Structures are given as C-alpha cells and as structure tokens.
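These are my notebook entries on a structure that I examined entry by entry. I set down what I looked up and what I found.

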Amino acid sequence: MTMLIETAPAPKAPLWTRLPVVHQLRQSVGLQRGMLVVGLVITGVFILTAIFAPLLAPYGYSQLRDDSGPFGAQRAPGGEHLLGTTVGGYDVLSRVIWGSQTAITVMVIAIVLSIFAGVALGLVSGYFGGWLDRVLVVICDAVYAFPALLLAIVMGIVISGGRSDLWGGIFAAAISITVVFIPQYFRVIRAETVRIKAEAYVESARVLGASNGRIMFRHVLRNATRTLPLIFTLNASEALLTLAGLGFIGFGIEPSSAAEWGYDLNKSLSDVTSGIWWTSLFPGLAIVLIVLGITLVGESLNDLADPRLRSRRAPGKTTAGVAGTSVVPGGTLNAGPGGIDGLEASSPASDQHPNDDPFEAK
Amino acid sequence: MSSLPDVVRIDNLNVTFATDGGAVKAVDGVTLHVAPGEVLAIVGESGSGKTVTAKTILGLLPETATAHGAVILSSKDGSNSNDVLAVSKQKLRQLRGTDVSMVFQEPSTALNPVYTVGWQIAEGIRAHGEFSRKEARTKAIEILGRVGIPDPESRVDYYPHQFSGGQKQRVVIAMALVLDPGLIVADEPTTALDVTVQAEILDLLRRCRDEFGTAIVLITHNMGVVADLADRVVVMYEGKIVEEAPAQELFSNPRHEYTKRLLGSVPRVGHGTTRATDRLAAREPDWADRAPVVVADNLKIQYPGRLGKPGFTAVDGVSFNIRPGEVLGLVGESGSGKTTIGRAIAGLTRVTGGSLTVLGHEMHGFKERAFKKVRSDIGFVFQDPASSFNPLLTIAECVAEPLIVHGRAANAGAARKRVNELLEAVQLPRAYGDRYPHELSGGQRQRASLARALALEPSLLIADEPTSALDVSVQAKVLELFAELQKEFGFAALFISHDLAVVDILADRIAVLYRGKLVEEGTGAEVLGAPKDAYTQRLLASLPVPDPAAQALRRDELRLLRAAG
C-alpha cells in the first residue's frame with residue numbers, strides 16, 4: 001500500500017486572472033461584458049477624479065474670486081468657467097469635481113461601519129441560533145421599517161446640532177446609512193450561515209470536535225461571504241443617494257466646508273425656471289452617472305456569479321471534444337485497488353461536470 | 001413488431017454544451033429507434049449522455065446546448081411525424097403530451113405544491129384541446145384510478161404533500177399518460193424511491209406498456225431495473241452507444257468490454273457471506289467476550305415537534321452492539337431512522353431515551369466538552385461527496401483538519417507528511433492534496449473523505465451511505481477500498497445503507513430497521529439467506545437482480561408475498 005507517485009500539481013491560472021473583478025471580466029461575454037466594462041469605466045473615472053481632485057479642479061470648492069476679481073453669479077458655460085458658475089458664484093466644474101471626494105468618503109465610511117458589524121452579527125446569530133437569533137432578527141426587521149432619510153436627518157441633528165460642517169455632514173449620512181445597511185449584511189450572512197451550517201463539511205468539523213470559533217471562521221465565514229461584493233456595490237450607490245438627498249433637503253454640508261452635489265442641486269432649484277440649466281444639470285448628471293456605474297458593476301457581478309444567468313459563447317459545430325473522464329467519476333474502471341494508472345490519466349479539468357463551475361463553489 | 005413506424009427514430013444526434021471551460025460534447029453520433037409498445041432502456045454512468053439524449057426527444061435541452069442530427073417523432077397511430085430539432089416552438093408544445101411525455105426522477109419536485117393533483121392533470125388536458133372543466137376532471141379521476149391511486153374521486157382534490165413518495169410518482173405517471181402518448185420518457189423514475197416502492201412503480205410502468213400500448217424510453221443506471229422492465233437495452237459511454245441488444249441477450253452475453261465491466265461491478269446479494277464467514281473464523285478466540293465499542297440499549301431518539309404537537313419518534317427502542325473490529329450493516333428505507341442512529345453515535349443528534357454507550361461514554365445527556373476527547377476515536381464518512389468538503393480548502397488542508405483540531409499537528413503544512421500517507425492509503429496520488437474538492441470526481445472525493453475519517457486512526461468509523469451518490473462501477477471500487485482499509489486498520493464500523501447488496505459485501509452482521517424499530521439482526525447468511533421477519537422478506541424480494549429471467553421469477557414471488565402480507 002505504499003505507492004509513491006509524484007505528479008505535477010494541477011496548473012493554476014496566474015494570480016491576476018483570479019482576482020475578483022478581473023476574473024469576472026474575463027469570464028463575461030456579449031452584453032454582460034459590455035455592462036460590466038461600462039460600469040467599471042464609470043466607477044474608475046469616479047475614483048480617479050476623487051483622488052486627483054486637487055489637480056483636476058481649476059478652482060477650490062469654496063473659491064469665489066481669483067486674482068482678476070469675483071467670478072460673478074450664474075455665468076453661462078465658456079471662457080474661464082467651463083461649466084459656468086452657480087447662483088452663489090462658485091465654479092460649477094470645480095464643485096462637481098470636488099464633490100466626488102465627499103461622495104467617496106461617505107461611501108467608504110458607511111460601508112466600513114456597516115460591513116463588519118453586519119457580518120459579525122449575522123455569523124453569530126445564524127450559527128448559534130436560539131433566542132439571540134430571534135431578538136436580532138426582530139430588531140433588524142424593525143430597522144427595515146425606518147426610512148433612511150428620516151434617520152439621517154435625526155443623525156445630522158444629533159451629531160452636529162443641525163450645523164453642517166464637513167465631518168458632521170459626512171457622518172450624519174454615513175451613520176444613518178450604516179444603521180440601515182447593517183440589517184442587510186446581517187440578513188444575507190445569516191441566511192448563508194444557516195444554509196452552510198447544515199452542509200456536510202460543517203457537520204464533519206463538528207464530528208472531529210473542532211471548536212465553535214474554528215468552525216465559524218474557517219469553515220462558515222469564508223463560504224458565506226460570496227454575495228457580499230454584490231450588496232457592497234448596491235449599497236455604495238444607495239449611500240451616495242442618501243448623501244445627495246440630505247443635501248437637497250437642506251441638511252447637507254455647507255459650501256464652505258466641502259463640495260456636495262445635493263446642496264448644489266438644492267440651490268439651483270430656482271435657476272431651472274429662469275433657463276439657467278448648467279447649475280443643476282452637471283451635479284445631477286454626476287449623481288446619475290455614478291449610481292449607474294456602480295449599479296452596473298453590481299448587477300453584472302450578480303449575473304456572472306449565477307451560472308444560470310451567465311451567458312456563454314455559443315459552441316461551434318465541430319470544436320468540442322467529448323467530456324472525457326466525466327463519464328466515470330472516481331477514476332476509470334481500472335483505477336482504484338486495481339491500479340492507479342487510470343486515476344492519473346484523467347486530467348483535473350475534464351473531471352468536472354459540464355455544469356460544475358469553479359466560481360460557483362458548492 | 002408491427003407495420004406502424006417507430007415512435008421515435010434518432011439519427012446521428014450530436015449535442016454540444018457551451019460551458020465556462022469551452023464547448024463540451026455530451027452526445028456524439030447517437031442513432032437509435034423505439035418501436036411502438038417497446039421498452040428501451042438507456043444505461044450508462046453519470047455524464048454518459050443518456051439523460052441529454054432523452055431530453056432531446058422532448059426538445060427540453062437548455063439554451064446552452066446545440067443539437068445536430070434528426071429526432072423523428074411519430075404519433076401513436078403513425079399518422080404524422082416530425083423532426084423535434086426542426087419544428088417550431090409552438091408545434092413542439094403540441095407534440096409534448098400528445099406524442100411524447102416525460103416522467104421525472106424526483107416526484108416531489110415534479111409536482112407543484114400549491115395546486116391539487118387534479119388541477120395539474122387537468123392543466124395538461126386543457127392545454128391540448130377543448131375540454132370543459134368537468135370533462136377534464138372526469139378524465140383526471142379516470143387516469144388516477146388506472147395508475148392505482150385508491151379512491152380517486154376524493155383524492156383528485158388532494159395536494160401533492162398528502163401523497164406518499166410512491167403515490168406521487170404514480171400521479172406523475174398519470175400526468176404523462178393522460179393524453180395517451182405513444183412514448184413516455186422516464187428519467188430515472190425509481191431512483192429517488194425506496195426499493196419496495198420501486199418494485200410497485202416498475203409494475204405500473206409495465207402496465208403502461210401492456211394496457212396503454214405506450215413505448216417507454218427508460219433511463220437508468222440501475223441494472224436491476226433494466227432487467228426487470230426493459231425489452232431492449234442501449235449502453236452509452238462517453239456520449240456514444242457502445243452496445244445495443246435485447247435485454248435477455250445483453251445480460252447473458254454482453255459483447256462490449258465496458259458492458260461486461262459494468263455488469264461485473266453490480267453488487268449482488270449473497271456474495272459477501274463467504275467473506276464474512278472467513279473473517280469470523282480469523283477472529284481471536286476471546287473476541288466475543290471483549291467490551292463492545294458501541295452498545296445501544298432500548299435507544300430512543302425523538303425530534304421535537306412544533307408548538308403543541310408531539311415530537312416525531314425517529315428511533316424507537318433499538319438495541320444492538322458493535323464489537324471491536326466488527327462491521328455492522330444498518331439497512332432500512334428512508335425514514336427508518338438509520339441515519340439518525342449514525343448521527344447519534346457521532347454526537348450530532350441528541351439521544352432522548354434509553355442508553356447509548358460509545359467507546360465507554362454515555363451519550364444520553366452528554367456534554368460536548370467531555371465528549372471531545374472521544375471524538376478523536378470516531379471517524380465519519382458522509383453520504384454526499386459534493387458537500388462533505390469545504391470548497392475553499394485544498395484536499396490536503398481538509399484531511400489535515402482532524403490532526404490540527406486534536407493538536408497532533410500545528411498547521412496544514414506540518415501535517416502534510418501524514419496527509420500524504422493517508423492519501424496513499426486511500427489510493428489517491430499525493431498531488432491531489434493540492435487540488436480543491438471541486439477538481440475531484442465523486443469517487444475521488446469519497447476516497448479523500450475516507451482519508452480524513454481515518455486520519456486519527458479511529459477505533460470506530462461511521463459510514464452514512466458512502467456510496468449511494470456514486471456510479472455503480474465507482475461504488476464497487478470504493479467498497480473494495482473500504483474493505484481493504486477495514487482489514488488493515490481494524491476499526492469497528494457502522495455501515496449505513498439502503499442497499500442490501502452493498503451492505504452484504506462489507507458487513508459481518510446486518511441489522512434491518514423499519515420505521516424506527518429493529519426488525520431483524522444477524523449475520524449476512526441469516527438475514528439474507530433465511531429472513532424471518534415479513535418486512536425483511538419483502539425488502540429482499542423487492543430488490544431487482546440484474547438478470548431478466550431470474551427477475552421474472554422473483555417478481556412472481558414478490559406478488560405472492562404481497563398478497564400474503
């Protein structure tokens with residue numbers, strides 16, 4: 001019973017092709033690929049704009065004058081001000097570019113605050129069950145019933161007393177979003193945990209006598225986080241919308257503290273009727289584009305993660321070979337006690353069932 | 001057989017699937033035909049293309065598939081014929097149900113749980129012509145009666161969950177028969193059913209052919225079912241037909257190498273008895289007096305019921321023991337409590353009454369902390385090879401898990417040497433340790449599962465249907481490996497299975513469970529050779545043997561048994 005057979009390990013794809021988004025990009029075809037690419041490009045431009053805002057913006061977000069004197073209010077696009085100026089006399093282009101920084105900060109803070117709490121609670125609640133689980137589920141259901149914007153207003157008042165400086169505004173938006181998002185992460189992780197808890201590999205770990213902590217983190221957590229990128233992207237766009245909504249109803253950030261698209265939209269309301277379109281169009285467009293971009297990424301990732309929704313290249317008439325060894329799982333008839341040659345001959349890739357997909361790890 | 005044309009004629013069929021790994025050919029140049037009133041069995045292992053071939057007859061291929069060739073389907077009276085691959089979707093809908101219909105594998109998912117069975121049958125009738133609600137209902141009642149549902153007038157208004165598994169399959173067959181099609185495609189119609197129910201459904205399918213004159217394409221991997229029902233057999237392998245012969249001839253004189261091996265690996269009742277006798281003779285003289293590894297005394301396990309309802313008693317007063325180095329085979333149908341007993345021994349299910357002693361540790365009211373030390377002495381092999389490994393860990397990491405948990409190794413790297421030894425012991429190449437579970441086939445995963453269970457050299461192994469998800473040839477190899485390992489490591493084992501023939505190969509003693517009670521226990525020769533209990537007799541008689549002539553005789557015996565019991 002001591003057969004010493006060394007074989008080369010199964011060839012692995014290079015690391016960069018297995019990275020989350022890159023893997024999906026290579027996997028996608030047709031319309032799904034188009035959607036993903038458009039979403040990624042928009043999101044990429046948004047992130048780059050936020051990072052390089054100080055270099056890109058011609059003026060500061062609260063700049064009203066330069067060396068040649070005040071900008072002047074409501075000036076049409078062109079000349080020194082590519083996208084015109086607002087009723088308050090700010091440069092529209094600069095406000096739009098600086099606004100991306102505020103937007104990305106809110107998204108990051110909201111998601112960081114909610115993801116850890118939501119995942120931890122969901123994991124513990126789903127794994128142990130019992131009264132803790134029931135209480136948490138009821139609380140989360142109650143939070144669902146709360147409108148996010150109302151919560152954000154309350155937070156804004158609590159945090160900054162209604163005066164909106166940069167961090168007060170950002171945290172008001174971020175925390176209100178957090179409170180609404182935690183139940184979402186909680187729900188998803190809890191459902192996955194409950195499902196995975198019944199899987200044979202978790203039972204197997206329990207039979208071995210592994211501790212609860214080891215089972216939770218080594219076996220359950222990593223398998224439960226598969227859907228996170230999807231909620232992650234969808235929540236990011238929701239965070240942006242809440243921030244803009246806060247600004248629009250007047251609980252946003254003062255223009256002297258930071259640039260914020262919702263505030264600009266609010267101030268441009270009266271401009272619309274008088275034919276001044278540039279003050280509302282560009283901040284609005286920025287919001288729409290970014291929400292669209294992030295949602296496109298999220299939706300395409302969602303479709304690609306599901307083998308039933310994923311589109312594939314149509315096979316040619318003669319290209320395919322017969323799925324070799326999938327016919328005899330467990331090696332060929334000669335393999336096993338009779339000899340190991342049969343097992344060795346089968347390549348790992350062809351062992352898979354046609355519908356077996358590495359990403360859809362069961 | 002007659003002047004009527006073949007109900008279906010498949011000519012040089014090729015089916016290709018688009019997958020993430022490129023195009024894969026599932027069916028490669030298949031040509032076959034089915035005469036009216038004939039039962040054609042397509043046998044082969046998973047992935048051989050038998051199901052894809054059958055689904056092509058109904059035009060049920062998924063969008064990712066492309067089919068080339070011709071599938072000529074004729075109506076029962078031979079008045080018209082169509083090429084399924086060429087007709088429009090609308091025409092295809094007309095053909096389904098009237099010319100050809102399908103019986104699915106899993107009756108509980110083939111029926112819609114929110115409609116009554118009568119409604120579902122009527123739905124099929126009304127989709128193919130002008131029938132009033134009343135006429136459709138009358139037809140539904142009539143067909144339910146003909147497939148052997150007792151009291152069809154009232155049961156036509158029952159919902160699927162009010163029927164047992166076998167009755168549900170009867171309803172599915174009724175739905176297939178109601179428009180009197182010339183051909184029924186039955187995809188593993190009895191695989192999800194217990195063996196005693198399987199015998200009844202096979203009888204019904206035989207009546208379909210005799211009374212309705214329906215031809216049947218029977219897709220199965222069970223050679224016993226083939227022997228019981230089929231007139232002609234097509235053996236598929238890697239998408240091709242390797243052999244085609246009348247049933248009698250195929251079983252008595254298989255020509256193709258693959259068919260021979262396939263038939264050779266079918267377990268048969270009675271083959272293991274000699275081995276068990278040899279093992280018993282080789283035991284040391286004081287063996288019978290040693291303390292048993294597992295003692296169950298009037299064991300009761302009850303699952304809690306819903307609020308206000310009494311619990312469900314899964315195991316009801318079972319007593320048995322397993323001595324060191326002995327393999328006890330636990331046989332029973334679904335719901336008999338066999339898996340519950342296995343889980344209770346491993347501490348996964350709580351014992352609610354009586355006494356269960358595992359390696360000297362009382363399991364009634366056990367504390368996890370106190371039991372943890374004992375756990376290193378118990379191995380467990382799960383039924384489903386697909387889900388018994390964490391998909392994100394390599395095989396080596398999975399096999400190293402018990403060593404790490406019990407402090408025998410610091411991490412997976414340190415355990416690798418031992419893991420390699422274990423992989424070799426279960427005859428997997430060392431390099432497979434670096435693969436992920438999904439890169440292994442079912443049989444290979446089940447070997448790795450054995451390696452993990454044996455990592456700590458336990459004195460007790462619980463195997464819960466370890467081969468029921470595997471193809472028959474793979475099953476034979478895994479069973480052989482199990483027997484070899486048992487001989488080498490000398491562990492005691494509880495081998496749980498629904499298949500008498502499988503248990504017979506391995507077990508020293510066999511215990512038969514029926515509805516939570518132990519009805520019979522003894523050596524293989526006693527239980528299988530001369531069963532005393534009526535249920536064991538019925539179980540044994542229901543098991544189809546891979547030999548058409550012998551099976552015909554057994555069928556008559558079973559009929560007598562049923563009439564008597």
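Entry 1. I began with the surroundings of one residue and found that B:Ile141 touches B:Pro152, B:Glu153 and B:Val156, leaving aside residues up to four places away in sequence; two residues are in contact if their C-beta atoms, placed from the backbone, lie within 7 Å. The model is predicted, so I note that local features need pLDDT of at least 70 and side-chain atom pairs count only at pLDDT 80 or more, whereas totals for chains, interfaces and linings use all residues. Residues are numbered from 1 along each chain as its sequence is written, and chains are lettered from A and ligands numbered from 1 in the order in which they are written.

I located B:Ile141 in helix α5 (residues 133–146) of chain B; helices (H or I, at least four residues) and strands (E, at least two) are DSSP runs, numbered from the N terminus.

Entry 2. I turned to the open sheet of chain B, in which 4 strands follow the order β12-β11-β14-β15 with antiparallel pairing; two strands pair if DSSP finds at least two bridges between them. β12 (312–322) and β15 (361–362) of chain B stand at the edges with a single partner strand each, so one side of each has no neighbour in the sheet. I recorded 2 bridges between strand β14 (residues 353–358) of chain B and β15(B). B:Val358 stands opposite B:His361 in β15(B).

Entry 3. I then looked up two helices of chain B. α21 (residues 534–542) and α22 (residues 548–564) of chain B pack at about 155 degrees, with their axes 9 Å apart; axes are lines fitted to C-alpha atoms, for helices over the stretch in contact, and angles run from 0 to 180 degrees between N-to-C directions. α21(B) and α22(B) are therefore roughly antiparallel to each other, a term for angles over 145 degrees. Which residues of α21(B) and α22(B) make the contact? I listed B:Gln537, B:Arg538, B:Ala541 and B:Ser542 of α21(B), and B:Arg554, B:Glu557, B:Leu558 and B:Leu561 of α22(B).

Technical notes. Parallel < 35°, antiparallel > 145°, perpendicular 65-115°, else oblique.
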